[in-house]
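Please keep the viewer open while you read.

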Amino acid sequence: MEWLRRTLTHNYSYNYSWLGRPIIQYPQDMVAIQELIWRTRPDLIIETGIAHGGSLILSASMLALLDYCEAVESGQPLDPKGPCRRVLGVDIDIRAHNREAIEAHPMAHRIDMLQGSSVAPDIVAEVYQRARGHERVLVILDSNHTHEHVLAELDAYAPLVSSGSYCVVFDTVIEDLPAGVYPDRPWDVGDNPKTAVREFLARNSDFVVDEDIEAKLLITVAPGGYLRRI
């Protein structure tokens, strides 16, 4: 925790990219996400929070690898332009230059994006519409980090998560940092993703924290945030 706290002042997570797009994540969590995708083999990944698009590209590239490996194993031809596995990203403000860069990326044919609040009824309804027909769904929440917003996201999107799959809630680490670390943000100790996860789990027995992931990573911005659906 001391190491992580010190790296925050240097914007450590901004050092990394995935296939050319900034991802704004710690490498340990990037590794954990690819492990979960390989293990659960989703055909839809829903992400709230897009930023520069690196996380969408990571998810899309892992889904492409799943398709490739399955084609090799089955001996069937692979059409890279006709994937069934998709990534759906939601953000309240998709900057024009980021959208342009994402849409120009070779993984763009696997990615759909919705602009609007992830907890707005019309956006939630559209996500549910697009999730129809998908059997294995994984959700990643990484947008507004206030308790109220994250709890609303959990209530909205956790029901879409398939049994054995995950809802990953990023930046739960805010609760474990000194108060006032984010003076220009509306979240802080006592009002953040971890407090939202605690309230959600207190009334939802079909999700558990996968403590093995955190124990293995040691360094993560999502302590207590890797939620597995039973």
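## An exposed loop residue

D184 counts as exposed, at 63% relative accessibility. Here, exposed means over 50% relative accessible area, buried means under 20%, and partly exposed lies in between, using a 1.4 Å probe and protein chains only. D184 is found in the loop between β7 and α7. Helices (H or I, at least four residues) and strands (E, at least two) are DSSP runs, numbered from the N terminus. From D184 to H149 the separation is 35 residues in sequence and 17 Å in space, C-alpha to C-alpha.

Before going further, a word on the model. It is a predicted model, in which local features need pLDDT of at least 70 and side-chain atom pairs count only at pLDDT 80 or more, while totals for chains, interfaces and linings use all residues. Residues are numbered from 1 along each chain as its sequence is written, and side-chain values use heavy atoms, with hydrogens and water left out.

## The overall fold

The protein chain has eight helices and nine strands. Its radius of gyration is 17 Å, which agrees with the value near 17 Å for a compact globule of 230 residues. That radius is taken over C-alpha atoms, and the globule rule is 2.2 Å times the number of residues to the power 0.38. Along the principal axes, the C-alpha atoms fill a box of roughly 55 × 40 × 35 Å.

Of the 230 residues in the protein chain, 50% are buried. Contact means heavy atoms within 4.5 Å; among contacts between residues at least 6 apart in sequence, 71% join residues at least 24 apart.

## Surface and charge

The protein chain exposes about 11000 Å², and carbon and sulfur atoms supply 53% of that area. Accessible areas come from the Shrake-Rupley method with a 1.4 Å probe, and for residues only the protein chains shown count as cover.

There are 21 positive and 33 negative charges in the protein chain, and their mean positions are 3 Å apart. Lys and Arg count as positive and Asp and Glu as negative, whereas His and the chain ends are not counted. Each charge is placed at NZ of Lys, CZ of Arg, CG of Asp or CD of Glu.

## Helix α6 and its neighbours

Have a look at α6 next. Helix α6 (residues 147–157) is largely enclosed by the rest of the structure, because eight of its eleven residues are buried. The buried residues are H147, H149, V150, L151, E153, L154, A156 and Y157. They pack against β3, α5 (121–131), β6 (137–141), β7 (166–169), α7 (193–202) and β9 (226–229).

D155 also belongs to helix α6, but this residue is partly exposed, with a relative accessible area of 38%. Leaving aside residues up to four places away in sequence, D155 touches F200 and R203. P106 and D155 are 49 residues apart in sequence and 33 Å apart in space, C-alpha to C-alpha.

Helix α3 (residues 54–74) has 21 residues and reaches 30 Å from its first C-alpha to its last, close to the 30 Å expected at 1.5 Å a residue. The expected span is 1.5 Å times one less than the number of residues in the helix.

G53 sits in the loop between β3 and α3 and is buried, with a relative accessible area of 0%. Its contacts, not counting residues up to four places away in sequence, are R21, P22 and I102. N98 is 45 residues from G53 in sequence and 7.0 Å from it in space, C-alpha to C-alpha.

L217 is found in helix α8 (residues 211–217) and is buried, with a relative accessible area of 13%. P27 and L217 are 190 residues apart in sequence and 9.8 Å apart in space, C-alpha to C-alpha. Not counting residues up to four places away in sequence, L217 touches Q28, D29, A32 and Y226.

## Positive phi outside glycine

L19 has a positive phi of about 50° although it is not a glycine. This residue lies in the loop between β1 (17–18) and β2 (21–22), where L19 is exposed with a relative accessible area of 51%.

R41, a residue other than glycine, also has a positive phi, near 50°. R41 is found in the loop between α2 (27–40) and β3 (44–48) and is partly exposed, with a relative accessible area of 22%.
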